[in-house]
Amino acid sequence: MNYKYKKQFRQNLVEWFQNEKRDLPWRKTSDPYKIWVSEVMLQQTRVDTVIPYYNRFLEKYPTLESLAFAPQEELLKMWEGLGYYSRARNLQAGVKEVVEKYNSKVPDNRHDISKLKGVGPYTAGAVLSIAYKKAEHAVDGNVMRVLSRVLHITDDIALPKTRKVFEEAVEMLIDHEQPGDFNQGLMDLGAMICTPTSPKCLLCPVRDYCIAFHEGDADKLPIKTKKTNTKKQHYNVYVAINQNNQYLLEKRPSEGLLADMWQFPMIETKDDINSEEQFSTLYGCKIEKVLENNLLNFKHIFSHLTWEMECSLVKVEQITKEPCNSRFFSKEEIKQIPMPVPMQKILNVLN
DNA sequence: TACGCGTGGTT
DNA sequence: TAACCAAGCGT
């Protein structure tokens with residue numbers, strides 16, 4: 001693309017963004033901390049989903065320090081339902097490092113900010129360009145889709161090495177005067193005009209410079225090969241009540257799926273497994289009575305696996321000491337405890 | 001590099 | 001309805 005076209009492309013894009021941009025809460029601030037929080041929440045997550053979480057989160061944790069010293073349980077409760085819970089832990093670890101190592105100032109260069117937990121190439125570029133007006137690339141799915149069409153880039157965006165191609169493209173095109181608006185312009189264009197299916201090319205401010213528009217194959221780009229395969233797991237879930245009307249919950253391990261979140265005890269059903277016996281043994285309690293065998297049956301679909309859940313309501317008596325990662329909670333106490341969506345589904349039928 | 005990691009919306 | 005998608009990152 002020659003110099004004249006580049007200049008017009010960025011002018012049209014930035015001007016379009018400044019006129020048409022969405023009114024979003026994180027666009028009312030230039031506080032690097034708040035921009036950072038928004039970018040982490042927005043990773044693989046829709047804008048409409050993030051907005052209420054962002055507002056609640058910053059009301060609770062308005063400063064780096066307030067988040068750095070928050071109890072993990074409370075932090076996870078604030079993140080409950082947003083998904084990808086390691087983001088919350090990584091964000092807090094990163095914030096702590098900024099408080100301790102950088103005197104509570106978010107680094108303003110890619111080298112340092114990229115070392116923070118949970119800050120990858122995209123988030124680094126987004127914070128640097130939006131909060132600090134640095135001419136840094138911030139390549140996400142939107143940017144790859146938009147530029148694959150504008151520049152007719154046919155590399156497979158499912159391959160990690162392809163991101164570099166788009167980073168170089170952004171470096172070639174970026175507006176050095178208003179890099180934040182340029183980067184966000186690419187993203188808003190991707191979200192509002194240059195959509196995955198049925199792109200609205202007739203409304204596009206940069207269609208004159210778009211090769212795919214001229215070739216008429218915008219809807220064939222970007223190229224993405226990867227496919228998903230999801231496994232199935234079947235569980236018997238025990239909603240166990242003791243004589244004091246308290247519910248047995250266990251805390252999940254601190255790594256892996258739904259790390260550090262709480263759940264009702266569940267036994268994966270494989271062949272030749274007596275799950276009631278397993279439950280009694282593992283949790284040290286005796287099932288006195290099965291109150292309801294079909295309390296709730298449902299599927300919960302994760303990105304990479306499906307849980308098939310069969311939930312029973314049982315009355316139990318504590319026999320031996322509880323395992324250290326589980327204990328009984330009253331219904332009031334449960335409200336303070338972070339639980340993932342599949343467990344929320346179960347909680348909802350207990351009312 | 002490939003895969004694990006949540007959830008809800010869209011086609 | 002199953003598949004795919006959405007402001008990615010860590011390992």
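This is a predicted model: local features need pLDDT of at least 70, side-chain atom pairs count only at pLDDT 80 or more; totals for chains, interfaces and linings use all residues.
Residues are numbered from 1 along each chain as its sequence is written, and chains are lettered from A and ligands numbered from 1 in the order in which they are written. Local features need pLDDT of at least 70 and side-chain atom pairs count only at pLDDT 80 or more, while totals for chains, interfaces and linings use all residues; side-chain values use heavy atoms, with hydrogens and water left out.

**Helix α9**

Helices are DSSP runs (H or I, at least four residues) numbered from the N terminus. Helix α9 spans residues 141–150, and nine of its 10 residues are buried (under 20% relative accessible area, 1.4 Å probe, protein chains only). Among them are Val-143, Met-144, Val-146, Leu-147 and Val-150. Contact denotes heavy atoms within 4.5 Å; the buried residues of α9 pack against α1 (3–20), α10 (162–173), α11 (179–192) and α12 (211–215). At the N-terminal end, Asp-140 caps the helix, with a side-chain oxygen 3.2 Å from the backbone nitrogen of Asn-142. After α9 comes His-152, which has a positive phi near 55°.

**Nonpolar cores**

A nonpolar core is a set of buried Ala, Val, Leu, Ile, Met, Phe, Trp, Tyr and Cys residues joined through side-chain atoms within 4.5 Å. The largest one has 104 residues, and Phe-9, Trp-36, Phe-57 and Phe-264 have the most contacts inside it. Helix α8 (residues 121–132) gives the largest share of this core, eight residues. Both domain 1 (3–220) and domain 2 (231–349) contribute at least three residues each to this core; the domain bounds come from an automatic or database domain assignment. Leaving aside residues up to four places away in sequence, Phe-9 touches Leu-147 and Val-150, as well as Leu-173, Phe-182, Leu-186, Val-206 and Tyr-209.

A residue is near the strand if one of its heavy atoms lies within 4 Å of it. There are 27 residues around DNA strand C, of which Leu-42, Gly-118, Asp-140, Asn-142 and Pro-196 come nearest.

| Residue and atom | Atom of DNA strand C | Distance |
|---|---|---|
| Trp-26, polar side-chain atom | base nitrogen | 3.2 Å |
| Tyr-122, polar backbone atom | phosphate oxygen | 3.3 Å |
| Asp-140, polar side-chain atom | sugar or linking oxygen | 2.5 Å |

Notes. Buried means under 20% relative accessible area, exposed over 50%, partly exposed in between (1.4 Å probe, protein chains only). Helices (H or I, at least four residues) and strands (E, at least two) are DSSP runs, numbered from the N terminus. A polar contact is a pair of N or O atoms within 3.5 Å; within protein, one must be able to donate a hydrogen and the other to accept it, and residues adjacent in sequence count only if both atoms are side-chain atoms.
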